[in-house]
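Trainee: I am new to this structure, and I would like to understand what stands behind the terms used for it.
Mentor: Then let us look at it together and set each term against its definition.

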Amino acid sequence: MTRILKFVEALREGAADLMEADKTVFLIGLGVPGPTGIFGSTTGLAERFGADRVLEMPASENGMTGMILGASVVGMRPIMVHMRMDFAVLAMEPLVNQAAKWHYMYGGKMKAPITVRMIIGRGWGQGPQHSQSLQAWFAHVPGLKVVMPTTAYDAKGMLISAVEDDAPVIIVEHRWLYGATGEVPAGLYRVPLDKAVVRRTGSDVTIAATSYMTLEALNAAELLAEIGISAEVIDLRCLTPIDTETLFASVRKTGRLVTADTGHTSFGVAAEVTARVAEGAFCALKAAPRMMGLPQIPTPTSPALADLYYPVARDIAVQVLEMMGSDRQLPPAAPDKRKWKDVPDMTYTGPY
Amino acid sequence: MNATVKLAGSNARPNAETRLAMFREMLRIRTVEERISQLYPEQEIRCPTHLCIGQEAPPVGVSAHLRPDDMVFSAHRSHGHYLAKGADLKAMMAELYGKVTGCALGKGGSQHLVDLEAGFMGSAPILASTISVGVGATWGRRRLGKECVTAIYFGDGATEEGTYYEALNFAQVEKLPVIFVCENNLYSVHATMAVRQPSNRTLTDFARGNGVYALSGDGNDVEDVWRLAGEAVERARNGGGPAFLELFTYRHREHVGPNPDLDLNYRSVEEFESWVKRDPVITYRARLEAEGALPAYDQVYAGINAEVDEAVRFAKESPFPPPEMLTQHIYPEPRR
């Protein structure tokens, strides 16, 4: 029987199934056992598994990341959660210098099977320090694995794969995906940590997207379809490595590439994907690739400025038309009930 | 080298066997470090190497109370901590030479020693980084039902990094059996304590202010270290929680590398000489000889020297890692 769950419910169920199956798995983070349970993704787990497996922690992101690394090298399998990725910046040292390198620099004798969930966001005035998408920082470091699930199915399957993997894995979760629903099997199942997936097939342009931007890309593909342009949408999902096989196959078919990432384009995932295609599938390109992401500007808080800051589906579609040299007109924008675009839909209300 | 422990501050002394064993281990560490300093100019040891000449007493006095399955974590000046815990000398020497027979297959060097069988869990040069890792490993062992005592060594400089405080705090919250061993050698690279820390509190005060049981003592007197560590380890093993030891000691050589460094003028000749007079190995030898407890020094030294000869020969004759090893161990092999 098909079960439809929200992304957030899939995360919670994945953690519960993992803790049920393996006594060494534990959850830790600021607010993890708390009343709001990391936007609902850990709600009820402390009651079910106990306070010694679903742990609150001192606000010591640096030291406690070292702590979970230490626990992992003696055989535990920690899942740490940062309600905002911005707080993980305090933990860069143990992640970048230590966890990423313990297997290599000790000649394979040490393993650091930690999983760190980091939530990114957009809108509702989360501004410069509560919404950053710094996935490129982590993907830059050899030894870390970085994944960005988009669907509820992947959220659970990738969490399970991450915790079972002996490498340190960073899971980047977009807050605006938490309410997204999809089919989620019961029990343990795995989604690979190194494969992209084609979410929509097309022939004129490849839109390679991450996380929430995959939804914007799918909406852009809808808009383009209305005027006879066929876009293929790839959900990159995994950054280490980027699945160039899937990417190149698509670009060789369409001849065009637009990347859409939740982070800054400069030195970011969009730039990396573009470079890979330029290097590996240059001859297939009919036009210069385009990159959609955040400009090199700190995130503004005011909704008036944030609306200018974040690219949306229509912006992606415009890029496609430009690169195709097309004079077709996009269909008029559907009426939007939202006063500001700082919420994904009308069901979102503050505070958050 | 376990021995009956009396309370710190008492005049308890290790038994004769332990005294001799501690002297031998200090001399062994000294001999290894001296040998490295002689070999270093050959340019075959090609990695940053922080010698612990002058600082042999803390690891020896602490390790005398540790069991094989107790854990040790260390930072950059780690050779003494590694050797005193019973880790493999040949594998350490080969590691310094970047050889595949090294304890980390040559991928770590002097700053990343490891010997899991001996309970030496790793060392890393970002001053305080391994402190939180050691605390977490201790926590993990407790959760796994394999509780042990963990000694984490670091210098005075490490106490200025925030993660030190964070780890100290968590260890006390959880009452973990961790011994925080601070070797206060007065300098962080070349910077004195006066420019780094306030004069109206000590590192011992700081630990105590964070609720951690804290003791300080003479880090050049191996028996003083043995007394303090004995109390701390026994207390931790019996559920008393973490302890902090501030052991005053002194680095004879440059911060990194094999040479003397008085020419840099960051420390005075008078200060240097006052500490050299209290050299932990030489003073303990004199004490034991005066007590008639060291009957055959030459024989002890000859045995150590032969072991070091063999380790160096092993390191030099071992092969380098093959090219394919460059891409091995980036990620662990898949489990399923």
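Mentor: The contact takes 33 residues from chain A and 36 residues from chain B, where two residues are in contact if their C-beta atoms, placed from the backbone, lie within 7 Å. This is a predicted model, in which local features need pLDDT of at least 70 and side-chain atom pairs count only at pLDDT 80 or more, while totals for chains, interfaces and linings use all residues. Residues are numbered from 1 along each chain as its sequence is written, with chains lettered from A and ligands numbered from 1 in the order in which they are written.

Trainee: What makes helix 1 of chain A roughly parallel to helix 8 of chain A?
Mentor: Helix 1 (residues 7-21) and helix 8 (residues 152-164) of chain A pack at an angle of about 30 degrees, with their axes 8 Å apart. Angles under 35 degrees count as roughly parallel, over 145 as roughly antiparallel, 65 to 115 as roughly perpendicular and the rest as oblique, and therefore helix 1 of chain A is roughly parallel to helix 8 of chain A.

Trainee: Which residues of helix 1 of chain A make the contact?
Mentor: Among them are A:Phe7, A:Leu11 and A:Leu18.

Trainee: Why do strand 2 and strand 7 of chain B stand at the edges?
Mentor: In chain B, 6 strands form an open sheet in the order 2-1-3-4-8-7, and strands pair if DSSP finds at least two bridges between them. Strand 2 (120-123) and strand 7 (213-218) of chain B each have a single partner strand, so one side of each is left without a neighbour in the sheet.

Trainee: How many bridges join strand 4 of chain B to strand 8 of chain B?
Mentor: There are 6 bridges between these parallel strands.

Terms used: Axes are lines fitted to C-alpha atoms, for helices over the stretch in contact, and angles run from 0 to 180 degrees between N-to-C directions. Helices (H or I, at least four residues) and strands (E, at least two) are DSSP runs, numbered from the N terminus.
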